[in-house]
Amino acid sequence: MKVVQVKCPNCDLPLNMEMKDELFYCSNCGTMHTREAQRVEQIPYEIADFRKDTLIDNRVYIPFWRLCTDFRIRSRDVVGGFFDKLRQGLNGDNGSGSLYIFVPASHMDTAAFRYWAVHLTLNNPRYTTRADFAGTRRMPASTSRDEAIEMADFVALTLEAEKPGVLQYLDYSLTVQQAKVVYLPFMSSPSGLHLAW
Ligand SMILES: [Zn+2]
């Protein structure tokens with residue numbers, strides 16, 4: 001593993017930063033930073049608490065980008081699919097509202113990526129937050145914020161593809177208002193990773 005020493009941009013503490021992780025966390029001041037192109041920027045994040053019965057050794061945090069998006073559906077020709085359902089839930093006649101889109105930030109295979117993006121976007125996780133990681137291992141992030149924002153449309157279209165309606169003509173716009181990292185608690189077991197909150 002390649003490690004490089006950098007200083008926390010917030011408190012100047014020297015940090016050993018894994019080169020493969022897009023996110024770096026300072027345990028001294030509790031800030032998290034991301035590297036985008038040449039700049040280093042502080043980003044908002046949340047750490048979800050584990051269910052109390054999760055064995056400590058099996059605990060792992062997986063980071064996700066939670067994109068708060070402004071979603072507008074201009075077309076009225078979509079009937080029965082995800083977008084239609086979404087449009088009905090959106091404000092009044094102008095067909096706009098906000099939608100939280102979850103994009104896995106860690107590397108995972110395509111099937112797992114789709115599964116978690118769809119599952120978490122349709123069922124936004126509710127959890128209590130905690131202030132630190134308490135030494136729990138966390139998977140490195142391989143998706144930068146800009147890459148996650150670029151994938152928002154892909155996730156929205158995947159949702160429609162999973163639950164297709166009579167899609168005649170689709171005209172929508174999706175604007176990402178805020179990107180936040182959420183570390184969700186998982187439990188590793190022989191059958192794979194399971195949610196643990
Ligand atoms: Zn710091």
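A134 counts as exposed, with 11 C-beta neighbours inside 10 Å, where exposed means that 12 or fewer other C-beta atoms, placed from the backbone, lie within 10 Å of the residue's own, buried means 20 or more, and partly exposed covers the range in between. The structure is a predicted model, in which local features need pLDDT of at least 70 and side-chain atom pairs count only at pLDDT 80 or more, while totals for chains, interfaces and linings use all residues. Residues are numbered from 1 along each chain as its sequence is written.

A134 is found in the loop between β10 (129–130) and α3 (145–150), and its phi is near 50°, a positive value in a residue other than glycine. Most residues other than glycine have a negative phi. D12 belongs to the loop between β1 (3–7) and β2 (14–18), and D12 is exposed, having 11 other C-beta atoms within 10 Å.

For the protein chain as a whole, the secondary structure comes to four helices and 13 strands, these being DSSP runs numbered from the N terminus, with helices (H or I) of at least four residues and strands (E) of at least two. Of its 197 residues, 27% count as buried. Among contacts between residues at least 6 apart in sequence, 70% join residues at least 24 apart, a contact requiring that the C-beta atoms of the two residues, placed from the backbone, lie within 7 Å.

Turning to the helices, α2 (residues 110–122) and α4 (residues 152–162) pack at an angle of about 85°, with their axes 10 Å apart. That makes α2 roughly perpendicular to α4, a term that applies to angles of 65 to 115 degrees; the axes are lines fitted to C-alpha atoms over the stretch in contact, and angles run from 0 to 180 degrees between N-to-C directions. R114, A117, V118 and T121 of α2 make the contact with V155, T158, L159 and E162 of α4.

Among the strands, an open sheet of three has the order β3-β4-β5, with antiparallel pairing, two strands being paired if DSSP finds at least two bridges between them. Its edge strands, each pairing on one side only, are β3 (23–25) and β5 (39–43), and the twist averages 30° from one strand to the next. Between β3 and β4 (residues 32–36) the antiparallel pairing extends over three bridges, and L23 stands opposite T34 in β4.

How values were computed. Angles under 35 degrees count as roughly parallel, over 145 as roughly antiparallel, 65 to 115 as roughly perpendicular and the rest as oblique.
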